Every structure is written in structure tokens, then in C-alpha cells.
Amino acid sequence: MSKKAFAIVSNLILILFMLLILLPLCWLFVSAFKSDLAVNAWPPRFFPDKWVNTQFTYVWRILPIPVMLKNTVCFVLAVTGISLFFDSLSAYAFARMDFKGKKLLFGIILLTMMIPFQVVMIPIYLEEYKLGILNTFWGLVLPRAASAYGIFMLTSFFSGIPRSLDEAARIDGMSEFGIYFKIILPLSKPAFVTLGIFHLMNNWNDLLYPMMLTSTQEKRTLSAGLATLVGSNAIKYGPTLAATVISISPLLIVFLCGQRFFMEGISTSGMKE
Amino acid sequence: MKRNQKLAYLFITPSLLILIVFVFVPLFSAFFISLTNMDIYMNEYHWIGFENYKRMLEDSRVWNATKNTIVYTVAEVPLQIFLSLLLLFLMLGNTRFHKLLRTVFYLPYVCSMTAISIMWSMILNKNSGMVAYLLAKIGIQIPNLLATEGYAMGTVVAVSVWKNFGYTLTLLTAAALGVSSSLYEAAEIDGAGWAARFLHVTIPAIRQTILFCLVTTLITALQVFDQIYVLTQGGPLFSTETLVGYIFERGFRAAPFDVGYATSVAVYLFFLIAVLTFILRRYTTRREEEE
């Protein structure tokens, strides 16, 4: 096949796939502005005849959307922030310091990466019940405040930074914390962005975890709150569409604004393994 | 050095504490809980030995869920990898259009599985969905895909691939763009066509990344839950009930909230994942050594 023919055929296939992705997503966004009648109408129409915002106002009334949005944002930011800090502290110790039991500890931490969440899910639930932090903000944040994946990733990144830099600082009398804070952290921005995005996306979109640890609408995250809407028997399409749009829009906007970071972040995390 | 040691422990303490409290203690208690008849209210539970595991052997829903989980995994993982490789092949030219496409293909992955599943359940609805309408227009009648045995699992797989392939594609693309162009030039001089170059240069060069994708998608697939919870709730007639779905059902949704039993199923899932991952790694690394 000549170069030109290949380009034409491949672009045709690619356009097909692009439509397969974009059309459903567009449908979702425009359908959130349809009336109840239009959503269930046969034959279905792609665009609404009349654009209405009744679905959004309805969802706003039955679900505590602002509270859930606030919960999600607080939860995601707290988890991401705290875990980046804790992970990087440990990673610094593993990459730059010598201490007894280092190899063993690192091995154990790696091992925890292979434990599926479902195995510890019920014990965590019972533990939080006993600690009395079930259905609270900290109950959601604490189990995710450190991640083996993060420690592993940052350790390998820190190890790649030339040691000569911190040796020089050490001779100048800089403390370990100073080296961590003033030398290693600024040099590791890409790794932090990558890991931060990873935590951000995972936690924003997580369903089972927040659903299990929260029981009242006021403590739920968007993803979990949305699922209760589907789980209830009287499922109404219009409001569900609006709620879906509300839940995915913030992250989509962040993605489209920072897509360069996102894409780079994802690709470096894969190369590391 | 002595002072340094203390400091090092100080640095790792916060993470370690969290991991101990929320990973290790739960992991060990999981084994113990699975040996009791604990329920969610935790009143009057006691040691019952391996009774839960014996019950599991006779529980047809466990076997059914195992079968469904494996069927889902065996279909979803290869499809996702294959589709990503196909698109990677078509986008090796790395033109402007291709760069735009990579962002588009990643969009579903940014959305939550819940949202995507809700969207598809409406598009695929027999009575008001676009797909049924468009197919009816060209004379094809479809059954209610999510409520018909034999179609439901296939639909769940398709939706999962639709959402997830962007992730695999991005990883593979990053690896493929890193392949040295001299390799391609050498292949071109040898007269290798597009397909041959992809098969004999690109794929061997990114083998490590493919393996990484394979292992991570496998592990994720064996833990499938979100899309099934929204799309079918395990139905029709348990034909899409997977192990995690069953664990959730027994522990949290259906009386008598049999936590001890649900945990024993979780422990079983843990071993299943560990064994399958191990076999996959073993198999792929051995093939590598042979080459």
C-alpha cells in the first residue's frame, strides 16, 4: 500500500473512532438540557427541541449537590496533598538515607501494592466503625493518606537525581530536611505532577470506596451520591443525566485546560515500571 | 550516621503508620474475620474455623461469579490491548490530527466509570435510546441489551473497553514515540512495509510497556465492579454478577450482612488475582528469555 493510500484509510478509521467517542459524550451533555418528555421520546432526537435547565434545578433540589461537590473537592485535595507529602518524605528516606531494615521495609511496602482493595475493604469498614470515624471526612481521607504506589514511584524518581547535588549541600551544612525541601522537591516537579494527577483522578472517580465508608447523603462524594440515584428504584433519566454532567464536568475542564500535563504525567508513570 | 538513622525513621513514620493501620491490620484481620461468623453489626460472633470456606465450595453463586469474572477478564483485557495497538499503529505518523485524537481518546478515561455507565445505559436503552433507533432505521431489531442473558456481559465488556482503552493507548504511545527512528530507517532500507515495521520494530521495542499494560489491566479487570453495579446490578439472572459484586452484595447490601462470609470470598479473590498475575508474569517472562 502506498504511503498516501495508507494515510487516507487510516484517517478514515480514526475519524470513525473519534465519532464513536465524541458522539456519546456530546449526546450526554446536550441531553442534560432536555425536558423529561424529550428524554424518553420515541423517536429519540440528538439535540433538544427546547433547551431547558429543569433537570439541573430538580437535581439541585433532591441531592445536596453543593455539599457533595464540596465533599469531593475537599476529599480529593486533602488526599492528594497529604499523600504527596507523606509519600515523598518516605521516598526521600528510601532513596537518600541509610537505616536498619531499609530493604525489608521497602519490600513490604511494595508488597502492599498487590493487595486488592476488596480484601481489606470490610476490615477497614469495621476498623473505622470501632474508631468512630465512619461517615466522617477523616474516615475517608486517612486510609488514602499514604500510598505504596506513590512511595515506589517517587523513590525511583529521587534515585535518579544526581547525588552530587545534595552532597555539596550537605558539606555546606544543610540539614536533611533542608535538602529534601530545597533541592529534591524542586527538581521533582514532573514526578509530583504525575502522581498528583494520578491521585486526583482515582479519588475523584472512585465509587466503591466512598460508597462504603459514607452512609448519609451529606457526607457522600459526587460519584457515590450519583450511584445512589441509579440504585434507587424510581430512576428518572432526565435528572440522572444532569447529575452525571455535574459530576464529570469539573475534572473534564481541568483535563482540557491542563491536558499537556495530564498526558505527560500518564506516559511517564508507565515508563517507570 | 546515628543521628541520620533516627531522622530516616522519622521520615518514614507517617506513611508507615497509615499503611500499618489501613493495609496491614486490615489484611491480617481479613484472614481472621473469614474464620468467624461475624455480621455487620458485630454482635456475638465467634470462631467457626474453615466453615465459610466449606460453604463457599457449595455456593453456586461463588462459582458463577468466578466464571463471570474470568469471562469478563478474558474478553476485556485482550480487546483493550488489541484496540490500543491498532490505534497506535494507525497513529504512528504522529501528525497534528493524531495529537488531537490522543486527547479525544483519553476523554472517557477522565470521566468516572459511574458516569460513563449511566450514559451508555441510556444510549443503549431499547425504548428511548439512540442505538436502538438508528439500528431500527436500517432494519435491525435489537433486544434489550443489558437485560438479556447472553448480551449483557458483552455489552458490559464493550462499555469498559470504550472507557479504558485511552489509558492503554497513552502508555503505548509514549513508549512507541521513544523508539529510535534509526530502527525504522533500517527497516525501511530492508524494504519493510508499514505493517512489517510495526510488527517487527515497534512491538518488540515496546514489549515491556505492553506487558505492564497487560498486568495492570488484568488486575483491574479481575476487580471489576463499578460498571456492573450501574449497568446491570449483576443481572439478568446473575449472568453478570462478578466476585467483587458478590462480596459487596453479601457484606453490605443483602441481609443478614454476612461479613465473615463475604470476607472469605474476598480472600479467595485475593489468591485468584495473585495466582493469575503470577502465571501471566511467568509466562511472559519465559517467552522473553526464549527469544
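Me: Where do the axes of helix H4 and helix H7 of chain B come within 6 Å, and at what angle do they cross? I mean, which residues do the two helices span?

Reply: Happy to start there. In this predicted model, H4 covers residues 96-110 of chain B and H7 covers residues 152-177 of chain B. Their axes come within 6 Å and cross at roughly 130°.

Me: Why are H4(B) and H7(B) called oblique to each other?

Reply: Set the angle against the cut-offs. The crossing is at roughly 130°. Roughly perpendicular runs from 65 to 115 degrees and roughly antiparallel begins over 145, so an angle between those two classes counts as oblique. H4(B) and H7(B) are therefore oblique. As for the hand, H4(B) passes H7(B) in a left-handed crossing.

Me: Which residues in H4(B) and H7(B) meet?

Reply: From H4(B) come Arg102(B), Phe105(B), Tyr106(B), Pro108(B) and Tyr109(B). Among their partners in H7(B) are Trp162(B), Lys163(B), Tyr167(B) and Leu169(B). By type, this contact divides into seven nonpolar, four polar and two charged residues.

Me: What makes Leu124(B) count as buried?

Reply: A residue needs 20 or more other C-beta atoms within 10 Å to be called buried. Leu124(B) has 20 C-beta neighbours inside 10 Å, so Leu124(B) counts as buried. Leu124(B) sits in the loop between helix H5 (113-123) and helix H6 (130-137) of chain B. Not counting residues up to four places away in sequence, Leu124(B) touches Gly129(B), Val131(B), Leu145(B), Leu146(B) and Thr155(B).

Me: How far apart are Leu124(B) and Glu185(B), in sequence and in space?

Reply: They are 61 residues apart in sequence, and 46 Å lie between their C-alpha atoms.

Me: How many helices and strands are there in chain B?

Reply: Chain B has 13 helices and zero strands. Of its 291 residues, 42% are buried. The C-alpha atoms fill a box of roughly 75 × 75 × 35 Å along the principal axes. Among contacts in chain B between residues at least 6 apart in sequence, 70% join residues at least 24 apart.

Me: How many residues of chain B are in contact with chain A, and what does a contact require?

Reply: The C-beta atoms of two residues must lie within 7 Å to count as a contact. On that basis, 72 residues of chain B are in contact with 74 residues of chain A. Helix H1 (residues 2-33) of chain B gives the most to the side that touches chain A, with 19 residues. That side of chain B divides into 55 nonpolar, 15 polar and two charged residues.

How values were computed
Residues numbered from 1 in each chain as written. Chains lettered and ligands numbered in written order. Predicted model: local features only at pLDDT ≥ 70, side-chain atom pairs only at ≥ 80, totals over all residues. Helix = DSSP H or I, 4+ residues; strand = E, 2+ residues; numbered from the N terminus. Nonpolar A, V, L, I, M, F, W, Y, C, P; charged D, E, K, R; others polar. Axes fitted to C-alpha atoms, helices over the stretch in contact; angles between N-to-C directions. Parallel < 35°, antiparallel > 145°, perpendicular 65-115°, else oblique. Left-handed = near helix turned anticlockwise from the far one by under 90°. Buried ≥ 20, exposed ≤ 12 C-beta atoms within 10 Å, placed from the backbone.
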